[in-house]
Amino acid sequence: MTTTRPSGSSDADSASPGTATTSAGAPPPAGGSGGGFGALLRSAGTAGSNVKSTLLPIAFLIILVIFFSTQTANFLQVSTLYTVAREAAVVLVVAVGLTFVILMGSIDLSVGSTVTLAGLVTAKTAQTYDWGTAFVAGIVSGVIIGVVNGLLFAYAKVPSFLATLGTSLAIDGLAQWYTGGRPVQIVDPFMLSVSRDSVLGNLPNIALWALIIWIVLSVLGANTRFGRYSYAIGGGEVVSGLAGIPVRRMKFYVMIVVSTLAAIAGLLLSLRIGAATPDMGSSLTLDAIAAVVMGGTALTGGVGGVHRTILGVLVITTLGVGLDAMVVPPYMQSIIQGAVVVLAVALTLDRSKLKILK
């Protein structure tokens, strides 16, 4: 990783933002130092890694489409494409936010629980208040969870794995208490139309919202300090701090972003199915992590990007839709999806960045 120290900065958390760049797949290319033959070799290695992490998900996707097309007569048709788009929407929104956390070399295990709680809060609020209040309440619930996660992770210095695992359990308990363990229906026609109807051909609205969020966050990740700092912290947290990047503040902000997006995903999901249930987000944590890693963002941090995550989401969703079309039992689907996740991590992990394997 190459960093440029901003002029006049002395404190990592209070200094004015400078420029921090990282190699190994980050959008802002490192430049200005380390020329010569060695730099050329490193550049070639990085390019090879990028090609590998980009082509592998595409190859997986093509193989899955060919396989399911040969196994089911009605898989390769336009309606299947819309089904994949509808099913991929919620995973994409969750995975987009999670990508920033993983880029920093951290993790958020509470996104599935946040999806559930935000959906329940939206549905419960809609029973008493108007749709606008319900939407705000659902999203604010995610912001609050993000603030708690951010304080624990960035300022109390609890490892992200433990902090978000703990909040995940607490959120699940809160959701059960809030609804008595019962699903909450949504009957407002306008609210349901936000996810169910189509304003762009036959493309479901929920897929359109997810695409808009993905595009906005991809631009944010590639062209703003927020995105570049996420890469830099994942590439080398200590060096990033010395370079003037506000590491603790960035961790705090990123945890809020990922929880807010998870809340939006919960809102969209509850509107799509017309109800919120106490376990509706339970499988999304694993699916989102798998999609991010399969899209080429390394769990070690500093490599990948939001723009790649959509590839992983399409692979995960196509796998699920294809297994459903083949009428594979749910327990067998879990086994297959778990095996695919392990295989994807093994293939996409950049082992050259690992000095110690824990």
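Tutor: A helix axis here is a line fitted to the C-alpha atoms over the stretch in contact, and the angle between two axes is taken between their N-to-C directions, from 0 to 180 degrees. The model is predicted.

The contact to look at is that of α7 with α8. Helix α7 covers residues 205–223 and helix α8 covers residues 225–235; their axes come within 5 Å and cross at roughly 65°. Angles of 65 to 115 degrees count as roughly perpendicular, and α7 and α8 are therefore described as roughly perpendicular to each other. The hand of this crossing is right-handed.

On the α7 side, the residues that take part are L220, G221 and N223, and they meet F226, G227, R228 and Y231 of α8. Sorted by class, the contact has three nonpolar, three polar and one charged residues.

Now the wider setting. The protein chain has 13 helices and four strands. Of its 358 residues, 50% are buried. Taking contacts between residues at least 6 apart in sequence, 77% join residues at least 24 apart.

Helix α3 shows burial at the level of a whole element. This helix, residues 111–126, has 16 residues and spans 22 Å from its first C-alpha to its last, close to the 22 Å expected at 1.5 Å a residue. Of those 16 residues, 14 are buried, so α3 is largely enclosed by the rest of the structure.

T167 belongs to helix α5, residues 160–179. The cut-off for buried is under 20% relative accessible area; T167 has 11% and is therefore buried. Leaving aside residues up to four places away in sequence, T167 touches S110, V148, N149 and L152.

The other residue is L323, which lies in helix α12, residues 306–325. Its relative accessibility is 4%, so L323 also counts as buried. With residues up to four places away in sequence again left out, L323 touches F68, V328, Q333 and I336.

Note on methods. Residues are numbered from 1 along each chain as its sequence is written. This is a predicted model: local features need pLDDT of at least 70, side-chain atom pairs count only at pLDDT 80 or more; totals for chains, interfaces and linings use all residues. Side-chain values use heavy atoms; hydrogens and water are left out. Helices (H or I, at least four residues) and strands (E, at least two) are DSSP runs, numbered from the N terminus. The expected span of a helix is 1.5 Å times one less than its number of residues. Buried means under 20% relative accessible area, exposed over 50%, partly exposed in between (1.4 Å probe, protein chains only). Angles under 35 degrees count as roughly parallel, over 145 as roughly antiparallel, 65 to 115 as roughly perpendicular and the rest as oblique. A crossing is left-handed if the near helix is turned anticlockwise from the far one by less than a right angle, and right-handed if clockwise. Contact means heavy atoms within 4.5 Å. Ala, Val, Leu, Ile, Met, Phe, Trp, Tyr, Cys and Pro count as nonpolar, Asp, Glu, Lys and Arg as charged, and the others, Gly among them, as polar.
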